Amino acid sequence: MKKERNIYMTTQSDLSTSIKEEGEKNLTLYAHFPTLIGVATNPDHQALENKLTKKCLKLRKKIKSGGENWISNETYNTLGTYHLNEDPDFSNINDFVTNQVIHYCKAQSIDLNCLNINPTDAWLSIYKKNNYQDWHIHNPAMISASYYLRCNNSSAKIYFKNPVTDMILPAILSFNELNFGRVWFQPQPGMVLIFRSYLYHCVPQQKNNDIRICLSYNYGRKPEEGKKYI
Ligand SMILES: [Fe+2]
């Protein structure tokens, strides 16, 4: 029998994920609809960093920058102008990222049959001093990833915004994962971040004189068997 898939299915709350307020015996809180950001580190990164950084800098000289209409259009990138997923020099990193995306899906029971494991696009961004990236999403992808090829501890962070649009923000006494409005990650060489493509994120100005190179990946959804479109 064909299993029915309904992404808006309502289910009974799982008591094991509930949160009890200290001292309160009656009120139970359920942390449903979490926003999952996956983090992993490529064990082969060190051997690749210098060679691929040189390659990225060479590409910057000969490949036209993408993102002409971006507000942050001084940040060099190859979105739509050079596809890392088609470059065998990047195959180790491409495969590593794709494997981590698969783990990200498995962890939340996403059917791998719906994941197109060939990225719809993969591009590089080189941040020099004062370069940044405005808030954006990766429409129309399903899952996206940011891999850090070159950076250091003072490189610009990446910020993610809480996807819930609140109307009247309550005042918060102490911040934690239940009430963050946004979170940031400090990029590390070889680190990949994986997130659903609807999640708004941005990069503030790069403040140091070193370059920050990020490789971005978009993964789309595959149409169901026998169908041409999703
Ligand atoms: Fe992005």
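1. In the protein chain, 81% of the contacts with a separation of 6 or more are between residues 24 or more positions apart; a contact means that C-beta atoms, placed from the backbone, lie within 7 Å. Buried residues make up 27% of the 230 residues, where buried stands for 20 or more other C-beta atoms within 10 Å of the residue's own.

2. This is a predicted model: local features need pLDDT of at least 70, side-chain atom pairs count only at pLDDT 80 or more, and totals for chains, interfaces and linings use all residues. Residues are numbered from 1 along each chain as its sequence is written.

3. The protein chain has two helices and 12 strands, taken as DSSP runs numbered from the N terminus (helices H or I, at least four residues; strands E, at least two). Their sequence pattern is β-β-β-α-β-α-β-β-β-β-β-β-β-β.

4. An open sheet of six strands has the order β3-β10-β7-β12-β5-β4, with antiparallel pairing; strands count as paired if DSSP finds at least two bridges between them. At the edges, β3 (38–41) and β4 (76–77) each pair on one side only. Strand β4 is joined to antiparallel β5 (residues 121–127) by two bridges, and asparagine 77 stands opposite serine 125 of β5.

5. Helix α1 (residues 45–62) packs on this sheet, touching β4, β5, β7 (143–150) and β12 (212–219), and its direction makes about 105° with that of β7. Helix α2 (residues 91–107) lies across β3, β5, β7, β10 (191–196) and β12, at about 140° to β7. Axes are lines fitted to C-alpha atoms, for helices over the stretch in contact, and angles run from 0 to 180 degrees between N-to-C directions.

Definitions and conventions
Two residues are in contact if their C-beta atoms, placed from the backbone, lie within 7 Å. A residue is buried if 20 or more other C-beta atoms lie within 10 Å of its own, exposed if 12 or fewer, and partly exposed in between; C-beta atoms are placed from the backbone.
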